[in-house]
Amino acid sequence: MHPLKQYLREVEEGFQDFAARVGVSRQTLYRIVSGVQAPRPMLARRIVEATGGAVTLAMLYGDASASAEVVSLNAAGDETLLDEERLRLALAVVINHLRAEEDAPVSSDMMAVAAEATVNTYAALSRLTTCQGPARLAQALRPVLEEILKESGGVPAPSALDRGAELAAELYFQHRSLLRR
C-alpha cells in the first residue's frame, strides 16, 4: 500500500480533504497513490509538510528508485548521485572523440575537475526536479564539455556538443563493465 494512502487511513482523513489541504485535485492524489504518476517536487514537499513528516520524500519516490531513469533520490543532500570516476571515464572517451588532433590534450587534472563539476551540477539540477538519469546528465555535461574543449583549443559545433553530452551520458549509464575495461 502506498505510504500516503496508509497515512490517510491511519489519521482517518479523506482524499478530497487532504487534496484540498495540499492544493491539488482528488484525481491527482489518486494518480499518485496508485503509482500512475510521481508528485512534482513542490507538491511532494507540501505532502511531507501536511503529514508532519510521516510521509517522507523517500517514501513518495521510493518506487521510482527501481526505474532505469532514476539513479537515486537525494532528498537529504547527503549522498552522491553519480560516481565521479565512472563519469571521468565517460568524459574522457567523448572528449577524445570531439577534440581535434591539433588541439592540446586534456590533462587528467582537468578531467577530474570536469567530472566533479558535472556531479555537482547534476546534483543541483536533480534537487530542483525529480528528473534524473541520462537526459539530466546530458544537460549537466554539455556546458562542462564546451568549457573543456575551449581550454584545449577549439569547440565543435553545438550539435556535436549536444551529441557528445548524450553519448557521455549513455556511456555512464551503461553496465558497470565500463569500469573494468
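Student: Is Asp-162 buried, exposed or partly exposed, and what is its relative accessibility?
Tutor: In this predicted model, Asp-162 has 35% relative accessibility, so the residue counts as partly exposed.

Student: Which side chain does Asp-162 meet in a salt bridge?
Tutor: Asp-162 meets the side chain of Arg-142, with 2.4 Å from N to O. Asp-162 lies in helix α9 (residues 158–173) and Arg-142 in helix α8, so this pair ties together parts that are 20 residues apart in sequence.

Student: What else does Arg-142 meet in a salt bridge?
Tutor: Arg-142 also has a salt bridge with Glu-146, at 3.3 Å from N to O, and both of these residues lie in helix α8 (residues 134–152), four residues apart, which is about one turn of the helix. Arg-142 is partly exposed at 22% relative accessibility, and Glu-146 is partly exposed too, with a relative accessible area of 24%. Through shared partners, the salt bridges join Arg-142, Glu-146 and Asp-162 into one network.

Student: How many salt bridges does the structure hold?
Tutor: The structure holds seven, and one of them brings together the side chains of Lys-150 and Glu-147, at 3.4 Å from N to O.

Student: Switching to rings, how many aromatic pairs are there?
Tutor: The count comes to three aromatic pairs. One of them is the edge-to-face pair of Tyr-7 and Phe-18, with 6.5 Å centre to centre and 65° between the planes.

Student: Are Tyr-7 and Phe-18 buried or exposed?
Tutor: Tyr-7 and Phe-18 are both buried.

Key: Residues are numbered from 1 along each chain as its sequence is written. This is a predicted model: local features need pLDDT of at least 70, side-chain atom pairs count only at pLDDT 80 or more; totals for chains, interfaces and linings use all residues. Side-chain values use heavy atoms; hydrogens and water are left out. Rings of Phe, Tyr and Trp (its six-membered ring) pair if their centres lie within 6.5 Å; planes under 30 degrees apart count as stacked, over 60 as edge-to-face and the rest as tilted. Buried means under 20% relative accessible area, exposed over 50%, partly exposed in between (1.4 Å probe, protein chains only). A salt bridge is a side-chain nitrogen of Lys or Arg within 4 Å of a carboxyl oxygen of Asp or Glu. Helices (H or I, at least four residues) and strands (E, at least two) are DSSP runs, numbered from the N terminus.
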